[in-house]
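Please open the model in your viewer, with the sequence panel beside it, and keep a selection tool ready.

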Amino acid sequence: MKIIIALDSFKECLTSKEAGEAAAKGVRKIFPSCDVVQFPVADGGEGMLDALIVATGGKRIFLRAHNPMMEIHDTCYGISGDRQTAFIEMAAISGLPLIPEEKRNPMLTTSYGTGELICHALDLGCRNFIIGLGGSATNDAGLGMLQALGFRFLDKTGADIIHTIAPNVPKRGMCGELLAEVASIDSSAAHPALKDTHFVAACDVKNPFIGPKGASFVFAPQKGADWEMATKLDANMKKLAGVICQYTGKDISNIPGSGAAGGMGGGLQAFLNAELKSGIQLLLDFLHFAERIKGADLIITGEGKADRQTIMGKVPSGILQEAQKQQIPVILLAGKIEDKEILDKAGFKEVLSINSPSISPKKAMEPAYAKANIQRIVEEICRRNI
């Protein structure tokens, strides 16, 4: 028997690896001689870094960079075993959890730190980048990132915006409130290695750059914006999109995914010619998933919470699509389940919660308890298949 385990992280509880190990333990208890194949997986956000490092025999690179409020912060990124490819999780330095809730303001936050990580990897010789766009605190269209890479953003007088508004501040990053000030862009001092570098941005959203379903209206409220602020941010982004079109010849306003991570998707596309790809599909291709699951009897996938969004590019949907091509049944596990009817119709063999309905959220989030529950339910699944 061959069983594949490909569980996403159970956010704020278990990593993909920890959840997978618990499931594998459950399989081996019932089927000691079973061929168990584990995949660390993620959809572009939390966990992608670990999965890619494992897949390539790579390692972490530790450094200090600026967080979304331009405070120095310890962070890291990954580098492949051949040192050619850098793996960057935007959330590791420009993420929402790095800012206390009372200080969250997407008018002021910047992606400058993400640019610093890219710059560091370029200096190490990396010429291929995979950037995960999940979990950002920013709505700056990636201008902060580009600023750290040497781009300058000029106002209508031709003056550098940052130097004009903050002449006595050692460093300030481009942010949401400054987007409308941009009249032209100077890339003459951009990092010279960028012209020989290939970027892929991993994300699981299809939102456009602007508009009712764009970055500002959909995601800025999660980052501390009220309706008035979101409206202002969208207007700023719309004006910026016009400048970007004049400068690059690319209209990113309505490109699917350009609104990811506060418009970072659009900034990467316009200025760095990045490809936008589904996070889970990118990772599955990297792992040669389709080849390695051949002959499997069952695939066990899952995530912390499963609902209608699960089938919109999340890890389990990517796993299911690949499995269906080879007619391999897939069981979905989750800490919490909503929209079960939709999930059942998607094609999963079973959709199972690892928790009883009466358990408290606090107890369910205890790592040891979650591991035990995953192992228990996988044992039950295996017993039914004896």
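Begin by selecting Ala141, which counts as buried because its relative accessibility is 0%, where buried means under 20% relative accessible area, exposed over 50% and partly exposed in between, computed with a 1.4 Å probe on protein chains only. Before going further, note that this is a predicted model, in which local features need pLDDT of at least 70 and side-chain atom pairs count only at pLDDT 80 or more, while totals for chains, interfaces and linings use all residues. Residues are numbered from 1 along each chain as its sequence is written, and side-chain values use heavy atoms, with hydrogens and water left out.

Stay with Ala141, which sits in the loop between β6 (128-132) and α5 (143-148); such labels refer to DSSP runs numbered from the N terminus, helices being H or I runs of at least four residues and strands being E runs of at least two. The phi of Ala141 is near 60°, a positive value in a residue other than glycine. Most residues other than glycine have a negative phi.

Next, select Gln327, in the loop between α12 and β12 (330-337). Its phi is near 55°, again a positive value in a residue other than glycine. Is Gln327 buried or exposed? Gln327 is exposed, with a relative accessible area of 74%.

Now colour helix α4, residues 112-123. Its 12 residues should span 16 Å at 1.5 Å a residue, and its end C-alpha atoms are 17 Å apart, which agrees; the expected span is 1.5 Å times one less than the number of residues. The helix is mostly covered, since 9 of its 12 residues are buried, among them Tyr112, Leu117, Ile118 and Leu122. Asp123, also in α4, is exposed, with a relative accessible area of 57%. After α4 comes Gly125, whose phi is positive, near 105°.

From here, select Tyr77 in strand β4 (residues 72-79), a residue that counts as buried at 0% relative accessibility. Which residues does Tyr77 touch, not counting residues up to four places away in sequence? Its partners include Leu117, His120, Ala121 and Leu124, as well as Leu49, Phe87 and Ile88, where contact means heavy atoms within 4.5 Å.

Move on to helix α8, residues 227-248. At 1.5 Å a residue its 22 residues should span 32 Å, and its end C-alpha atoms are 31 Å apart, which agrees. Among its buried residues are Met229, Leu233, Met237, Leu240 and Ile244, and what covers the buried residues includes α5, β8 (184-186), α7 (215-219) and α9.

Follow that last name to helix α9 (residues 260-272), whose 13 residues would span 18 Å if the helix were straight, although it spans only 15 Å between its end C-alpha atoms. Because 13 of the 13 residues of α9 are buried, it is largely enclosed by the rest of the structure. Just after α9, Asn273 takes a positive phi of about 55°.

The final stops are pairs of helices. Two packed helices are described by the angle between their axes and the distance between the axes. Here axes are lines fitted to C-alpha atoms, for helices over the stretch in contact, and angles run from 0 to 180 degrees between N-to-C directions.

Select helix α10 (residues 279-286) together with helix α12 (residues 315-325), which pack at an angle of about 50° with their axes 8 Å apart. They are therefore oblique to each other, since angles under 35 degrees count as roughly parallel, over 145 as roughly antiparallel, 65 to 115 as roughly perpendicular and the rest as oblique. Show the side chains of Ile280, Gln281 and Leu284 in α10, which meet Val315, Gly318, Ile319 and Glu322 in α12.

Lastly, select helix α1 (residues 16-30) and helix α15 (residues 367-384), whose axes come within 8 Å and cross at roughly 40°. These two helices, α1 and α15, are therefore also oblique to each other.
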